[in-house]
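I hope they are handy to have beside you as you look around.

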Amino acid sequence: MQGRWRYLVGLAGLLAMELVGLGLFSKGFFPYKKSIPGFASPADRPVDMRRIVQEAQTGSVDMARIEQEEEAQTATAQYGRLVLMVVDALRNDFVFGNESAMSYTQSLLRTGQAVGFTARAQAPTVTLPRIKALMTGTVPGFLDAVLNIAESDSSASLQHQDNLLWQLKTHGDKRINMFGDDTWLRLFPGLFDRTDGTSSFMVTDTVEVDLNVTRNVRPELERDGWGVTVLHYLGLDHIGHLAGPRSALMAPKQREMDAVVADIHAIIRQQDARRKELDSAAKPTLLVARGRSQYAAAQDCAHLSTDSSLTLQCMFEVALAEHARVASISGGNASEAAERAYYAFMEQASAQLSQAFSGYDVRAMGAGLGVLSLAVVGLAALYQGAGAGLVHMKSRQLVVRAAAAALWVTYLVAALSSSLVEEEHQFWYFWVQTLLALRIATSGGTWRTLAQMAVFRVVRAWNQTGQQWSGEPGDVRQLLSAPQHVRLLWFLAATTVVLVSASAFRRHWHSRATLWTRLWCVLVGYGCLCAFAYHAERVQACQSLGGLGGRLCAATCSLVPVEVARMAQTVYLTTLLQVVVSGVIIFKARPDAVTAVHMATSDALVGIMPLLLLLSRPQNFALFTLFLAMRALFSPPSQDAAAYVFREGVELHQQYALLRPPRMLILFSLVHASFFALGNSNSLASLDLSNAYAGVSRYSEAAVGLLLFVANWAAPLWWALATLADVAAHAHAHRVTPQALARRLAGLAAAAHLWQATALLIISIVATLMRAHLFVWSVFSPRYLYQIAWFVPFYLICGTLVPVLWLSAVVVLTRCKRNTPSVLS
């Protein structure tokens, strides 16, 4: 007992050390972005590039003389008012493509009344950094991507940084109104005259979130006195998160946005005509309709550049401190051509802005690396001390597990390549199949393992992921997302619900079943039913199916609460009740400690399915059926003694033992491979927000953060629980002692933490070496954030803390049963 406590204390200390190292490194690697202080004055407005072009054609450019002449001239704005319409996730093919439903916008482009172009944005392409880039003309800080989900955070505010809206209000003497995404209100507190903000994180809302903006369009634009109106629509982005770009809801939403463009265009044309009649010097109104990052279009404007902030400065004759400082160092005495002068300016401007962007604290990063290295060494010693390391001493000879060592080494090498970081799923897919093939060659059981390889090949084809092939046609998920395959989609979803429910009933509904075991089965089945109805109601699947399928779908949905939020809350309630009922079943069964752990983990493996289905996309429901099939194809515990040997050294005497991949290694690889199988990648753009608000009535950072993690790590969580259940099942089958089971679980925990600590250290080293690399913010920084998510929520909380508390409670429950008369019988 004393040795066990020493082990737990040592593991806790090393994990605390790793957290300290992670904190130090993150502090140095993700600093707050430095900004140029102060606000520009009208005299700092950018030099008219047309003057440079004209003088360059004559052979020389005298920047000092041009700047003096520009300062002496009176500024004349080209436009008097601005309507900025931002539509989140408005891809260029939604406007320019042949399948676009935005017919009115396309007619404006065809007739020359509007100019369209595609803008390419640097990572991170989430709302808050994109707005900051648009309004300041600078590269946003990567930390802004993290702060994007924290609605209560005010550190990202532009209140004390020069920006286009401040200039328009202060020097342009304009009243500014904002309607839509409340991120604008966080960035510009107190700047707007009239506002109506909507939460950008209620992703399940695709209707009201836009109607709340549109209801203000006509009344506010028809008011007198406004100078700038910002309209930020979120519904199209929410549809993309919920059902993808090919959803049946996408075309109606595009038509809705097109109608808003037509309405705004008609209003400002009438107003501009009337204003021109009253004042011949009145300037026209500029309408800019753009996506958050992908698309930009301008009405009545023929010279928008890709630097939207600088262009709008020129059109409204204001200046920003960032551009003013850069422009002051970009002069030259001569230029052979205007194009060369322009690109020289852009190159120097880019260098200047990059210096303000990358303020690394190298000392903090170095300290973090040192602490992480010590933690890795300590975990390696702890792993070897648990008796289950990669290296063994047998007959005075050094013995190394070949498969585990090869996986570990190749992963370290792959972390050095930006392409392999982007395509990490290929690494895990390769190793799962390789380990299964090695299992055939060294352990027999050919037909079971071949069947597993075939099933995993289907799993691999389900979702295209990574950077190179993401979004390309050909995967199963895109096939199921197409409107013509809606019946197949919901048939597979319903089949998954039936199979999961059948697994629950097969486990506990038998001739000796008690009231409690049958209640547990009902809770699992009803939870699955609510999860199915939740997704069906949210995308109006019953109406889309029609016929017999539609009637069956409607009949199913009639058995659960009417409100969609209540359906999700019912799943949470049934999951909680399952845990309680499972505890009662164990309490009444009077098992020993090992049997109790086996019962608890086996129940949880099925009982958690309704929650995971609720937080997954319906296109991915069938993946969990495939996961169940893969687990069922593993050899039964009674026939697979070689997979779990609780007697030391037996496997080392067997032929090919060093090449044979341990069963734990295969399950560990499936934990990581299943993360990518759901469609995830190492890019922040692949985070699935669609189910992070299931059952949440209002925004809560804690609740949404928890649901976001479970939604994106649903498959790894299931396989981690399957690994735990597998260990318990073999311990139960081979009648091992509780002490032997505890040692096996301790070795498993040490191995998992050694792996993730080594990965965290290697990725930290790579991020340090690549901090000046072109892909540091688009590849290595997102990968580092994902590694943090793997370490803290997954391995530390879900993989260690929760199982220790849960299984300890189960063991205590069995001991209480032996010492206390039953009150439930």
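Predicted model: local features only at pLDDT ≥ 70, side-chain atom pairs only at ≥ 80, totals over all residues.

1. You will find Q540 in the loop between α24 and α25. Its backbone is worth a look too: phi of Q540 is near 55 degrees, a positive value in a residue that is not glycine. Most residues other than glycine have a negative phi.

2. **Another positive phi.** R735 also has a phi near 55 degrees, again positive and again in a residue other than glycine. Look for R735 in the loop that runs between α33 (714-733) and α34 (738-769). With a relative accessibility of 72%, R735 counts as exposed, because the cut-off for that class is over 50%.

3. **The disulfide.** How many disulfides does the structure hold? There is one. C542 and C553 form it, with their sulfur atoms 2.2 Å apart. The pair links distant parts of the chain: C542 sits in helix α25 (residues 541-545) and C553 in helix α26 (residues 547-557), eleven residues apart. As a reminder, a disulfide is a covalent bond between the sulfur atoms of two cysteines.

4. **Its handedness and surroundings.** Is this disulfide left-handed or right-handed? The torsion about the S-S bond of C542 and C553 is about -65 degrees, so the disulfide is left-handed. Both ends are covered: C542 is buried at 11% relative accessibility, and C553 is buried at 3%.

5. **Cysteines to check by eye.** C528 takes part in no disulfide, and the nearest cysteine sulfur, belonging to C530, is 9.5 Å away. C528 has a relative accessibility of 0% and therefore counts as buried. C521 is buried as well, likewise at 0% relative accessibility.

6. Is L552 buried or exposed? At 51% relative accessibility, L552 counts as exposed, since that value is over the 50% cut-off. L552 and C542 are ten residues apart in sequence, and their C-alpha atoms are 8.2 Å apart in space.

7. **A helix pair.** Helix α24 (residues 515-538) and helix α27 (residues 564-589) have axes that come within 8 Å of each other and cross at roughly 160 degrees. How do these two helices run relative to each other? An angle over 145 degrees counts as roughly antiparallel, and α24 and α27 are therefore roughly antiparallel to each other. Their crossing is left-handed.

8. **A covered strand.** Strand β3 (residues 175-181) is mostly covered, with six of its seven residues buried. Which strands does β3 pair with? One is strand β5 (residues 226-233), joined to β3 in the parallel sense over six bridges. Another is strand β4 (residues 194-198), which pairs with β3 in the parallel sense over five bridges. For the β4 pairing, N177 has R194 as its bridge partner.

9. **A buried asparagine with polar contacts.** N163 is found in the loop between α7 (143-147) and α8 (164-170). Its relative accessibility is 2%, so N163 counts as buried. Which backbone atoms does the N163 side chain reach? One is the backbone nitrogen of L165, at 3.2 Å. Another is the backbone nitrogen of W166, which lies 2.8 Å from a polar atom of the N163 side chain.

10. **A glycine in a helix.** G240 is found in helix α12 (residues 235-243). With a relative accessible area of 27%, G240 is partly exposed, because that value falls between the 20% and 50% limits. Which residue lies 150 residues from G240 along the chain, with a C-alpha separation of 9.9 Å? That residue is L90.

Note on methods. Residues numbered from 1 in each chain as written. Heavy atoms only, no water. Buried < 20%, exposed > 50% of the residue type's maximum accessible area, 1.4 Å probe, protein only. Helix = DSSP H or I, 4+ residues; strand = E, 2+ residues; numbered from the N terminus. Pairing = 2+ DSSP bridges. Polar contact = N/O pair within 3.5 Å; in protein donor to acceptor, adjacent residues only side chain to side chain. Disulfide = S-S within 2.5 Å. Axes fitted to C-alpha atoms, helices over the stretch in contact; angles between N-to-C directions. Parallel < 35°, antiparallel > 145°, perpendicular 65-115°, else oblique. Left-handed = near helix turned anticlockwise from the far one by under 90°.
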